[in-house]
Amino acid sequence: MVLELTGFTHFGYFAIQSESVMNDLNKALGDIDSIRRQVAQSTEFRGYGPVTLAGTSALAVAAATAQAFWLPDAASHFAVYLSLWISTAALSAALIGTEMYARTRCIHSGMADEMIRMAVEQFLPAVGVGGLLTLVLTRFVPGALWMIPGMWQVIFSLGVFSSCRFLPRAVPMVGAWYLLTGLTLIALGDNRALSPWAMGIPYGVGQLMVAGILLFAAQEDEDES
């Protein structure tokens with residue numbers, strides 16, 4: 001009987017010690033994750049490639065040119081208009097995302113997952129709000145569809161502003177550009193906002209601005225090193 005109690009006591013002691021070790025391990029892992037996140041938040045993100053961003057600028061101009069030739073009356077064929085620009089946005093996002101994954105793995109190495117997650121978190125709310133707003137307007141307020149291009153640009157500017165804290169200092173100018181162009185389109189107050197160049201110029205110029213800022217920042221880093 002004494003031996004059984006002794007064995008039970010040893011087992012209980014071992015279980016308590018094991019639980020304590022696991023708690024300490026989980027706490028240590030949590031602390032490491034917290035430190036990695038803090039370091040990532042203070043590190044400039046270099047996952048965006050200037051060439052790819054310039055390519056998305058060209059895509060916006062190409063989409064605007066296609067609309068000008070094949071969809072002169074966007075208000076009467078709004079579903080086609082949406083398909084054109086949503087497809088352009090999806091292709092641009094796929095190109096940026098693919099390069100971002102590869103560049104971040106190469107440049108940020110051990111912090112790659114955290115940096116990618118942070119970059120996605122900055123833009124995801126804007127993408128979600130833009131999608132929901134488009135759905136609501138097309139389904140319930142068809143008379144206000146002309147507002148969609150301007151609203152897209154205003155919401156996109158918020159995504160840019162959210163990302164500024166871990167991108168080069170000049171990036172807020174791009175957010176201000178998209179905000180200005182979006183508000184200008186809304187101020188038009190009619191179907192002129194559905195002109196092909198109402199999307200082509202803002203996104204063509206805006207993405208080219210980002211590409212230039214990133215390229216200049218990369219050259220500055222090379223000069224310093």
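Predicted model: local features only at pLDDT ≥ 70, side-chain atom pairs only at ≥ 80, totals over all residues.
Local features need pLDDT of at least 70 and side-chain atom pairs count only at pLDDT 80 or more, while totals for chains, interfaces and linings use all residues. Residues are numbered from 1 along each chain as its sequence is written, and side-chain values use heavy atoms, with hydrogens and water left out.

The structure holds 3 salt bridges. A salt bridge is a side-chain nitrogen of Lys or Arg within 4 Å of a carboxyl oxygen of Asp or Glu. Side chains of opposite charge can pair when their charged atoms come close. Arginine 117 pairs with glutamate 114 at 2.4 Å, N to O. Both residues lie in helix H4 (residues 112–140), 3 residues apart, and are therefore separated by about one helical turn. Helices are DSSP runs (H or I, at least four residues), numbered from the N terminus. Glutamate 114 is buried, with a relative accessible area of 7%, whereas arginine 117 is partly exposed at 39%. Here, buried means under 20% relative accessible area, exposed over 50%, and partly exposed in between (1.4 Å probe, protein chains only).

A salt bridge also joins aspartate 113 to arginine 105, at 2.5 Å, N to O. Aspartate 113 is partly exposed at 42% relative accessibility. Arginine 105 is likewise partly exposed, at 36%. In the pair formed by arginine 192 and aspartate 190, the closest N and O atoms are 2.9 Å apart. Arginine 192 counts as exposed at 51%, and aspartate 190 as partly exposed at 29%.

The largest nonpolar core has 41 residues. Such a core is a set of buried Ala, Val, Leu, Ile, Met, Phe, Trp, Tyr and Cys residues joined through side-chain atoms within 4.5 Å. Residues with the most contacts inside this core include Phe45, Phe78, Trp85 and Trp152. Elements giving two or more residues to the core include helix H2 (50–70), helix H3 (78–107) and helix H7 (197–224). H7 supplies the largest share, 7 residues. Leaving aside neighbours within four places in sequence, phenylalanine 78 is in contact (heavy atoms within 4.5 Å) with Thr138, Leu145, Ile148 and Leu194.

Val61, Trp197, Ile201 and Val205 make a nonpolar surface patch of about 310 Å². Patch residues have over 30% relative accessible area and no salt bridge; like charges are joined within 9 Å, and nonpolar side chains (Val, Leu, Ile, Met, Phe, Trp, Tyr) within 5 Å. H7 gives the most to the patch, with 3 residues. Valine 61 is found in helix H2 and is partly exposed, at 35%.

Technical notes:
Areas by Shrake-Rupley, 256 points an atom, 1.4 Å probe, with all protein chains shown as cover.
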